[in-house]
Structures are given as structure tokens and as C-alpha cells.
Amino acid sequence: MANKGPSFGLSRQVQDKIDSKYDSELEQILVEWISRQCGSEVGKPEAGKTGFQTWLKDGCVLCELINSLFTGNKPVKKIASSPAAFKQMEQISQFLNASEKYGVTKTDMFQTVDLWEGKDLAAVQRTLSALGSLAITKEEGTYKGEANWFFKKAQENKRDFSDDQMKAGKNVIGLQMGSNQGASQEGMSYGRPRQIM
């Protein structure tokens, strides 16, 4: 809401805690990645949270980003900058829907108001980081950034053991189950004995 005044008390403390999670180093990495991924036409924002928010607020840069990660059929058909608030929020929603189709989990997603109103830009950073990690992990050739900017997600490592290996494994006592060596109470004392009179 554009005409919302400053917050006080507990609301202010909560907002300060949310704001403290914003990472300016991650902002630089994300800006560089988005610029490389989408090309020079998206430009670069002013440094800082407000510049980052203003750059992404209309949803055009985000839609260009998600379209660049898909090969063939693009998920966002029409990308147009508009001064109307509902159009900007609609484009952000299209980005979020396309990101979910790409594989970003719901828990990694930000809400539209987090970006549009600037309530939680750290959540926006988390979503973009998750998107970058997925792009590296998928190895489709669409990722255009440095390999060390985002972590690669773990892949399934299925193993097939023979029957002999399975039988041999049943005879091994793992250390997770503990050991019975040194388990006696010999020599242990618990203070003075109780005096009954």
C-alpha cells in the first residue's frame, strides 16, 4: 500500500529483522547473473535495496529471466512494461508460476507483495538463488553465469547391491548401534549412602 505510514513497536522490530536478512553481496551476484542471462537490454540497477526493488518491481526483468531458462516454448508469452500496479503484479505472478513449472519449490518462492511493496527483498533473493541453483543442476545449456555463484543441488545416486553384498552387510554391527564394551558399573559411586536411623 503506497500510503502506509512508518511502523512502530513490535511491527518495526519484525520489519527490521526481515530487512537484516538482505544480503548486498548476493544482490551483486544476482544482478550480474540476470544481466548475463537476459542480455544488455535489461540494464543494471542502482546499488542498494531500493535500486534492486525498482529494477525488478514491474516484473519485466523477471519474466525475461525465466524465459531465458526455458528452451523452446517460453512460459511468459507477453512481456510489456506498464505503469499500472495490477499489470506489474500480474507479471510478477507469471514469473512465480513459471518458476514453479521450472522446479522451484513453493517454500523457496516469495509473495508478490514482498517484491512490489518491498516488504521482504531477502525472500526475493532466496527465490532467485533457488532458480539459479536449479539452472546449474539441470545442465540444459541455458545457464549463462559462473558455476560458483550458486550451489548445485544433489542428484539421485541409486546403487544396486548383489545378494552376497546384502548378506555380508547383515553381519556387520555398525557403530551407530553402539558398543557393549566398557558398559559395567563397577567402581562407580554416587556419593554417601543414605543414613537410616
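## Helices and the overall layout

A helix here is a DSSP run of H or I at least four residues long, and helices are numbered from the N terminus. With that in mind, look just after α3: G59 takes a positive phi of about 85° there.

The model you are looking at is predicted. Its protein chain has eight helices and zero strands, so reading along the sequence gives the pattern α-α-α-α-α-α-α-α, with helices counted as DSSP runs. Of the 197 residues in the protein chain, 35% count as buried. Among contacts in the protein chain with a separation of 6 or more, 55% are between residues 24 or more positions apart.

In soluble globular proteins, nonpolar side chains tend to be buried together. In this model, the largest nonpolar core has 41 residues, and W33, L56 and L128 have the most contacts inside it. Two or more residues come from each of α2 (24–38), α3 (49–57), α4 (60–69), α5 (85–102), α6 (112–116) and α7 (121–138). The largest share, nine residues, is given by α7.

Leaving out residues up to four places away in sequence, L128 touches L30, W33, I34, F52, L56, L62, L65, F95 and F150.

## Helix α3 and its neighbours

Which residues of α3 are buried? They are G51, F52, Q53, W55 and L56. The buried residues of α3 pack against α2, α4, α6 and α7.

## How α5 meets α7

Now find α5 and α7. They pack at an angle of about 35°, and their axes are 11 Å apart. The crossing of these two helices, α5 and α7, is left-handed.

Where they meet, α5 brings F95, S99 and Y102, while α7 brings T127, L128, L131, L134, A135 and K138. Two of these residues also make a charge-over-ring arrangement: the charged end of K138 sits over the ring of Y102, 3.8 Å from its centre.

## Rings and charges

A pair of aromatic rings is described by the distance of the centres and the angle of the planes. The count here comes to two aromatic pairs. In one of them, the ring centres of F95 and F110 are 6.3 Å apart and the planes are at 25°, so this pair is stacked. The cut-off behind that word is an angle under 30 degrees.

Why does this pair tie together separate parts of the chain? F95 lies in helix α5 and F110 in the loop between α5 and α6, so the pair joins parts that are 15 residues apart in sequence. Both F95 and F110 are buried.

Elsewhere, K57 lies over the face of W116, at 4.6 Å from the ring centre.

## A closer look at Q37

Is Q37 buried or exposed? This residue, found in helix α2, is buried, with a relative accessible area of 2%.

Not counting residues up to four places away in sequence, Q37 touches L65, S68, L69, T142, Y143 and K144.

Notes
Residues numbered from 1 in each chain as written. Predicted model: local features only at pLDDT ≥ 70, side-chain atom pairs only at ≥ 80, totals over all residues. Heavy atoms only, no water. Core = buried A, V, L, I, M, F, W, Y, C linked by side-chain atoms within 4.5 Å. Buried < 20%, exposed > 50% of the residue type's maximum accessible area, 1.4 Å probe, protein only. Contact = heavy atoms within 4.5 Å. Phe/Tyr/Trp six-rings, centres within 6.5 Å; stacked < 30°, edge-to-face > 60°. Lys NZ or Arg CZ within 6 Å of the ring centre and 35° of its normal. Axes fitted to C-alpha atoms, helices over the stretch in contact; angles between N-to-C directions. Left-handed = near helix turned anticlockwise from the far one by under 90°.
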